[in-house]
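Dear colleague,

Please find below the structure that I am handing over to you. My notes on it follow directly after.

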Amino acid sequence: MRIYFIAAVILSTACADASGQAYRWVDKDGRVHYTQTPPPPDARGVQKKTFRHGPVEASDLPYATQVAAKTFPVTLYTSPDCGAPCDRARALLVKRTVPFKEVGVLTQNEVDELKRLSGKSDIPLLVVGAQVQSGFQEGVYNGLLDSAGYPSTGSSVPIETLRRMDPAAKAPEQAQQGAGAGTPTAPDSAYK
């Protein structure tokens with residue numbers, strides 16, 4: 001019996017790293033949010049999705065991608081309100097089988113980090129090694145990835161296996177109380 005217990009503990013620990021959760025919900029003002037943390041109690045239209053994919057093993061990627069990812073890591077800064085430009089940026093990275101870290105810009109500190117990196121608060125923001133690109137421009141994104149050595153095509157891999165999300169930031173206290181103030185938003189120009 002003890003062997004079964006030990007096997008169950010090992011199996012559950014191994015599987016814990018291979019799952020994740022995402023929530024889609026609508027706030028009282030009708031805005032749609034996507035988060036990794038459960039929504040507030042007054043959220044409407046809550047949808048929960050559990051992902052059962054683990055990260056891509058480096059040895060499973062083409063050698064050129066492994067070298068590029070080690071030398072020129074990719075980070076994509078997005079926000080829940082970004083919409084199509086962020087979706088197209090993600091889709092391009094997935095199409096090219098580029099492993100990337102996605103950072104959700106939710107707090108003023110994260111907006112300040114964007115400004116430090118690019119001098120603007122425009123999103124999406126793509127960082128390839130030390131190169132930074134504000135806004136989504138497919139040709140420019142492809143040029144950055146090409147110059148870093150990422151292959152232009154790759155095998156079909158689900159996004160959950162390529163993207164590594166930063167833990168969601170905790171909402172500012174005022175936003176948790178329903179005041180809505182203190183939640184930074186990128187300017188409208190960030191989404192063009």
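In which loop is proline 124 found? Proline 124 belongs to the loop between H4 and E6. Please note that the model is a predicted one. The peptide bond that joins isoleucine 123 to proline 124 is cis, with omega at about 0°.

**The chain as a whole**

The protein chain has 7 helices and 8 strands. It consists of 192 residues, of which 33% count as buried. Its accessible surface comes to about 11600 Å², and carbon and sulfur atoms hold 55% of that area. Among contacts with a separation of 6 or more, 64% are between residues 24 or more positions apart.

**Helix H4**

Helix H4 spans residues 108-118, and its buried residues are Glu110, Val111 and Leu114. Viewed down the axis of H4, these residues fall within an arc of 105°, so they line one face of the helix. Asn109 and Arg116 are exposed on the other side of H4. After H4 comes glycine 119, with a positive phi near 80°.

**Helix H5**

In H5, the buried residues are Tyr141, Asn142, Leu144, Leu145 and Ala148. Around the axis they cover an arc of only 160°, which puts them on the same side of H5. Gly139 and Ser147 are exposed on the face of H5 turned away from that buried side. The elements against which the buried residues of H5 pack are H2, H3, E4, E6 and E7. Just after H5, glycine 149 has a positive phi of about 95°.

**The pairing of H3 and H5**

Two packed helices are described by the distance between their axes and the angle between them. For H3 and H5 (residues 138-148), the axes come within 11 Å and cross at roughly 35°. The crossing of H3 past H5 is right-handed. On the H3 side, Ala89, Leu92 and Leu93 take part, and they meet Glu138, Tyr141, Asn142 and Leu145 of H5. By class, this contact has 5 nonpolar residues, 1 polar residue and 1 charged residue.

**Threonine 97**

Threonine 97 sits in the loop between helix H3 (84-95) and E5. With a relative accessible area of 2%, threonine 97 is buried, because the cut-off for that class is under 20%.

**Three further positions**

Valine 132 is placed in strand E7, which covers residues 131-134. Its relative accessible area is 30%, and valine 132 is therefore partly exposed. Leaving aside residues up to four places away in sequence, valine 132 touches Leu117, Ser118, Leu125, Leu126 and Val127. Valine 132 and leucine 144 are 12 residues apart in sequence, and their C-alpha atoms are 8.8 Å apart in space. Leucine 144 is one of the buried residues of H5.

Valine 67 is in helix H2, residues 63-71. This valine is partly exposed, with a relative accessible area of 36%. How far apart in space are valine 67 and glycine 149, C-alpha to C-alpha? The distance is 7.9 Å, for a pair 82 residues apart in sequence.

Glutamine 47 lies in strand E3, residues 44-51. A relative accessible area of 46% makes glutamine 47 partly exposed. Apart from residues up to four places away in sequence, glutamine 47 touches Ala22, Tyr23 and Arg24. The C-alpha atoms of glutamine 47 and tryptophan 25 are separated by 6.4 Å, and the two residues are 22 apart along the chain.

With kind regards

Terms used:
Residues numbered from 1 in each chain as written. Predicted model: local features only at pLDDT ≥ 70, side-chain atom pairs only at ≥ 80, totals over all residues. Heavy atoms only, no water. Buried < 20%, exposed > 50% of the residue type's maximum accessible area, 1.4 Å probe, protein only. Helix = DSSP H or I, 4+ residues; strand = E, 2+ residues; numbered from the N terminus. Arc of directions from axis to C-beta. Axes fitted to C-alpha atoms, helices over the stretch in contact; angles between N-to-C directions. Left-handed = near helix turned anticlockwise from the far one by under 90°. Contact = heavy atoms within 4.5 Å. Nonpolar A, V, L, I, M, F, W, Y, C, P; charged D, E, K, R; others polar. Areas by Shrake-Rupley, 256 points an atom, 1.4 Å probe, with all protein chains shown as cover.
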